[in-house]
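Colleague: Could you take a close look at the nonpolar interior of this protein, and tell me what it is built from?

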Amino acid sequence: MEFEFKMPKMGESITEGTIINWLVSEGESFDEGDIIIEIATDKVDNEVPAPYSGRLVKILFEAKDVVSVGEVIALLDVSEKTKSAKPIEIEKPASPSPVENKAKSRTSKQVQTPSEEKFSVSNSNTFFSPLIISIAKEHHISFEELARIPATGNEDRLRKSDVFRYIEDGRPFKFAQPVAQQDPTAYRIPQLSFDKGKGKVVKMDRMRQMIADHMVYSKHTSPHVTAYVEADLTNMVHWRDANKKAFQEKYGERLTFTPLFVEAVAKAVKDFPNINASVDSGNIIVKEAINIGMAAALPSGNLIVPVVKNADTKDLTELAANVNELTNKARENKLAGDDIKGSTFTISNVGTFGSLMGTPIINQPEVAILALGIIKKRAEVIETENGDEIAIRSMMYLSLSFDHRVVDGYLGGSFLKRVADYFEQFDTSRTI
């Protein structure tokens, strides 16, 4: 029985994936659960198991091809005995438009417009991914204009960063046409040539390129505003120092500051649920689950965001175990696709690297991200029964970057202050 093997859905905001490698060749047999293909997204590499036992009949997309979620990537010959197994869960995509189908042609030196008018392109860019087409539609960029944009991807493929860079440059080819006469008083985009210097050239790896694209997209999409507060963490620091040894002996888990931070942030998110949202065109989606992402460094130096799911429902012991597990996986480069899915709010502990504070970039499609600076001892003026006194306190700067399309200053500032209040009002009498 022939079965259509489709590109699976691997995350809430994932719409396409890049085939890294087929582990089974055409004509080879496999068992249910065998890994038959490796797929990369802009977040993580995934090993996809076979949904049934059978034989690989035909491969429809090769390595390095970018494929939309739900598109058929191979044909399998499966037996009736295994057909009852649960298939890989995917999101059924909308039927591609005629324009998108025509744009996928790799060999044609012409591109078809929606009005069926043909034109010759000025370079070899004849393949545009669904994501590029979506960006082009949003900014009203024609296929002819797309074909003129310098491409930096593999095999001259146009990447998101190429399009956004072109937009930032003012779209110099927007009105490109063979007209000799120009108004001498009209403004022209300057064609600047920068001296980038000489030195060792280090090619970006695939994950670094994805991170770069994601950061550029976030800054392009969300108008960032960053607010700052200062918090006194003396009580929290003293309590942790006094209890971390007993905590590990009792539960077998290290008690770092991170689960304490996640606990306080989750409480503040419950107080201000509109900070736990994403934007979908003209709609705001306020998430029901509170899933806290933690920006973490991989051995390669790249950043990734493992997620503590349902953080508001877990006690400190569960949070510590969850945080430690994700941190260890990140260090060993063993994070699975499910470990980085579903984040609704992200924290970035820039203090880990000694930074006093930071201006974090929003982790799309979220609407805010919190950066935590280094905990530093300083002489501070505090109020006591005897009046104002100077004391040594453990202080931290907190900075919240938020999407000003949907989060105004009142919500962003109030949420940030609430997090600081939970840090400062830490209950030193709590037991482990």
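Modeller: Helices (H or I, at least four residues) and strands (E, at least two) are taken here as DSSP runs, numbered from the N terminus, and the protein has nine helices and 21 strands by that count. This is a predicted model, in which local features need pLDDT of at least 70 and side-chain atom pairs count only at pLDDT 80 or more, while totals for chains, interfaces and linings use all residues. Residues are numbered from 1 along each chain as its sequence is written, and side-chain values use heavy atoms, with hydrogens and water left out.

Of the 432 residues in the protein, 43% are buried, a term for under 20% relative accessible area, as against exposed at over 50% and partly exposed in between (1.4 Å probe, protein chains only). A nonpolar core is then a set of buried Ala, Val, Leu, Ile, Met, Phe, Trp, Tyr and Cys residues joined through side-chain atoms within 4.5 Å. The largest such core has 55 residues, and those with the most contacts inside it are Val-265, Phe-345, Leu-370, Leu-398, Phe-415 and Phe-423. Helix H7 (residues 257–271) gives the most to this core, supplying nine residues.

With contact meaning heavy atoms within 4.5 Å, Val-265 touches Ile-292, Phe-345, Ile-347, Leu-370, Phe-415 and Val-419, leaving aside residues up to four places away in sequence. Across the protein, 63% of the contacts between residues at least 6 apart in sequence join residues at least 24 apart.
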